[in-house]
Each structure stands twice: as C-alpha cells, then as structure tokens.
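Please read this briefing alongside the sequence and the model.

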Amino acid sequence: ASSSTSGAIKEKACTLWRRGMEYAKKVVEVGRAFHITDIHHRRTAVDIGRMRDHFREDFDGREVGIYEFLAQHARAEEFNEQVGELIHRGSSLKNRSRSTAEPVDLGQMEAKMKVAYGSAFKAAGGEQAADVWFAAANRAVRALLQY
C-alpha cells in the first residue's frame with residue numbers, strides 16, 4: 001500500500017511539475033511574441049489565454065466575442081474603481097468637514113466626478129468606441145418599445 005501511495009505522490013508531483021513547466025514556457029513565449037517585459041503582465045496575458053480556452057464554447061457564434069467581453073468588463077471595473085475612489089475621497093472630505101465644521105463643496109466634487117467619468121470614457125476608447133454600439137443600441141431600444 002505504501003508503494004502505491006508513494007507512486008501516486010510521485011505521479012502527482014510529476015503532473016504538477018509538468019503543468020508548472022508548461023505555464024513557465026507560455027509566460028516566456030508570450031513575453032517574446034508580444035515584447036512584454038513585466039513578468040506580471042506576461043502572467044496576465046497567459047491567464048487571459050487560459051480564460052479564452054476555458055470559455056471559448058460560451059462565446060462561439062455570439063455577437064460579442066470573449067475578448068470584446070473582457071475589454072468591456074475591464075472598462076466597467078476600472079470605471080467602478082475610479083468612482084469608488086472618488087466616493088471614498090468625498091466621504092473622507094465629508095468626515096473631515098464634520099470635525100472642522102467646513103461644508104463639502106458639492107460642485108467641486110461633481111466637477112471631479114465629471115473629469116473622472118470623461119477620463120474613463122476616453123480610456124475606454126471614447127466616441128470612436130461608442131459609435132460602434134449606437135446602431136445596435138438603437139435597434140435594441142426600438143425592439144423594446146415594440147413590445
């Protein structure tokens with residue numbers, strides 16, 4: 001029984017080692033192919049490829065491909081994070097204002113939020129990226145109104 005246990009452990013170790021080597025090889029290949037120097041970016045690129053392979057069937061034949069979905073989701077996450085930071089900063093301003101009795105300038109906060117929203121919009125591709133979706137959005141709204 002102990003020899004079968006040690007054999008199973010050895011097999012598991014070999015499998016894990018092989019997976020690690022395959023992963024390391026992909027990280028090196030991605031770095032070379034795309035000239036990515038930062039190791040964290042290489043790992044991210046490899047993991048995106050793994051995600052593509054894992055969810056490929058979910059996106060086959062769909063209007064939105066997996067890369068487009070990932071890009072949209074990443075933009076939404078980035079926007080939410082920026083808004084969260086603004087809210088947190090606003091909250092800390094509000095808490096400080098209570099202790100110092102100074103009112104929070106809501107106009108200034110709104111201006112900062114507009115700038116952050118504009119920056120996020122530009123980072124996501126701006127008008128050029130949005131224009132691609134206007135026709136589909138209009139069709140969807142018309143279809144909704146027909147119901």
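In this predicted model, the structure holds one cavity of 30 Å³ or more, and the space in the largest cavity comes to about 30 Å³. The largest pocket, by contrast an open feature, has a volume of about 450 Å³.

**The cavity**

- The lining of the largest cavity is made up of R75, E78, F79, A120, A123 and A124, and the elements that contribute two or more residues to this lining are α3, which covers 66-100, and α4, which covers 106-123.
- Helix α3 supplies the largest share of that lining, with three residues.
- By residue class, the lining of the largest cavity divides into four nonpolar residues, two charged residues and no polar ones.

- Which residues lie closest to the centre of the largest pocket? Of the 16 residues that line the largest pocket, they are R75, A124, A129, A130 and W133.
- R75 and A124 are named in the lining of the largest cavity and are also among the residues closest to the centre of the largest pocket.
- The lining of the largest pocket divides into 12 nonpolar, two polar and two charged residues.

**Helices and the course of the chain**

- The chain has five helices and zero strands, so that, read from the N terminus on, its elements run α-α-α-α-α.
- Helix α5 has 21 residues and reaches 30 Å from its first C-alpha to its last, which is close to the 30 Å expected at 1.5 Å a residue.
- Although its span is close to the expected value, α5 bends by about 35 degrees at W133, a residue that is also listed among those closest to the centre of the largest pocket.

**Burial and confidence**

- The chain has 147 residues, of which 11% count as buried, where buried stands for under 20% relative accessible area.
- Across the chain the pLDDT averages 80, and 90% of the residues score at least 70.
- Where in the chain is confidence lowest, and where is it highest? Confidence is lowest in α3, at a mean of 76, and highest in helix α2, residues 39-59, at 85.
- For a careful reading of the cavity, it may be kept in mind that α3, the element with the largest share of its lining, is also the element in which confidence is lowest.

How values were computed:
Residues numbered from 1 in each chain as written. Predicted model: local features only at pLDDT ≥ 70, side-chain atom pairs only at ≥ 80, totals over all residues. Heavy atoms only, no water. 1 Å grid on protein atoms, 1.4 Å probe; cavity = no way out; pocket = protein on both sides within 12 Å on 5 of 7 lines; lining within 4 Å. Points joined across faces, edges and corners; volume = space filled by probe spheres on them. Helix = DSSP H or I, 4+ residues; strand = E, 2+ residues; numbered from the N terminus. Nonpolar A, V, L, I, M, F, W, Y, C, P; charged D, E, K, R; others polar. Expected span 1.5 Å × (residues − 1). Bend = angle between axes of the 7 residues up to and from the residue. pLDDT = per-residue confidence, 0-100. Buried < 20%, exposed > 50% of the residue type's maximum accessible area, 1.4 Å probe, protein only.
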